[in-house]
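Here is a short briefing to keep beside the sequence and the 3D view. It begins with the ligand and its surroundings and then turns to the chain as a whole.

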Amino acid sequence: MKPIILTGDRPTGPLHLGHYVGSLQNRVKLQADYQQFVIIADAQALTDYYDNPNLVRTNVEQVALDYLAVGLDPAQSTFFIQSQIPELYELTFYFMNLVTVARLERNPTIKDEIRQKNMKDSIPAGFFCYPVSQAADILAFKADLVPVGEDQNPMIEQTNEIAKRFNYLYKTECLKEVKSLIGSVGRLPGIDGKTKMSKSLGNAIYLGDSANDIKKKVNLMYTDPNHLKVEDPGTVEGHVVFSFLDIFDTNQTEVEELKAHYRRGGLGDGVLKKRLIDILENMIAPMRQRREQFQKDPAYVQEVLRNGTARAREVAAKTLSEVKSAMGIVY
Ligand code: ATP
Ligand code: MG
């Protein structure tokens, strides 16, 4: 039996470079050696997009297309739609009692999101509790590993606390603690260079972006505002184009030389932007092509999701049945 991976994304928009370096790369790398379940967390997306279910619905297919585009293979990875597995809601309901409100309030990712989304005094209860539902998603599959970006570490901690508490309270070993696997870049900044690249913050370069989109977005990147003339000495710290070259340029020796040149003066931002545009275009072009191919066959994408969801549901149902037995709520 192969070890198990559970991972996934919220269908709040198509996937971007942050998803790629944070999680997708690891998923592609590990899919042959693990039994991999990939959740499209539409119910979780509704906890803050409840007023726009259509946006969530239409993005389910977009996210599935991104999976196929980056090379996730449905024969090796099971893609499934969260809302179509009611067993996950049932597990969430039982797990909700194992977590205190105070504990949920301390979750640093939730705190950040509440601030970013400007929720303040109108935090939906469903949103506040989504870490519990995410724990149910992970524990239902008895995952060993969860490839995620850094912002997800508090969710994994919460998951393990629930697993431990459940097993202790109900004298069972049916739930399994899990490890996170952070990608090559745990938190890719957005093109604004400030916050994390995120679908919700309008600062993302998407895996399906056209060559022209990439060009426009790189050209918007913040550089050194005091570097007015090419011959002026410049500052590399906080220069978003350099931050991206640090991550995506495979020739780091040259990047160091460019930094030295920029600091001395005599190197324009245009040269750096052009270099980054070429690198990103070379990386994204093959994904974009595969995405376009799959986009022509929506029936295939639907079938992949239907089959994956059916397979995932069987696994979740088995865990739910063990959970109910352990609690003695079998009639
Ligand atoms: P939303 O703004 O709707 O929350 P998002 O862009 O944060 O969307 P998610 O679907 O919440 O994307 O995240 C899916 C996975 O991608 C998670 O594992 C998350 O940690 C990872 N991820 C998202 N953004 C980044 C990023 N900028 N850098 C690294 N990993 C990321
Ligand atoms: Mg997120």
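Which residues come nearest to ligand 1? Of the 21 residues around ligand 1, the nearest are Thr12, Asp151, Lys196, Ser198 and Ser200, where "around" requires a heavy atom within 4 Å. This is a predicted model, in which local features need pLDDT of at least 70, side-chain atom pairs count only at pLDDT 80 or more, and totals for chains, interfaces and linings use all residues. Residues are numbered from 1 along each chain as its sequence is written, chains are lettered from A and ligands numbered from 1 in the order in which they are written, and side-chain values use heavy atoms, leaving out hydrogens and water.

**Polar contacts (N or O atom pairs within 3.5 Å)**
- Asp151 places a polar side-chain atom 2.5 Å from an oxygen atom of ligand 1.
- For Ser198, a polar side-chain atom lies 2.6 Å from a ligand 1 oxygen atom.
- His16 has a polar side-chain atom 2.9 Å from an oxygen atom of ligand 1.
- Taken alone, ligand 1 exposes 600 Å², and the protein buries 97% of that (Shrake-Rupley method, 1.4 Å probe).

**The shell around ligand 1**
- The shell holds 4 nonpolar, 11 polar and 6 charged residues, with Gly counted as polar and Asp, Glu, Lys and Arg as charged.
- Both β1 (4–9) and α1 (17–30) supply at least two shell residues; α1 gives the most, with 3 residues.

**The whole chain**
- The protein chain has 14 helices and 5 strands, taken as DSSP runs (helices H or I, at least four residues; strands E, at least two).
- Its C-alpha trace spans about 80 × 45 × 40 Å along the principal axes.

Definitions and conventions:
A polar contact is a pair of N or O atoms within 3.5 Å; within protein, one must be able to donate a hydrogen and the other to accept it, and residues adjacent in sequence count only if both atoms are side-chain atoms.
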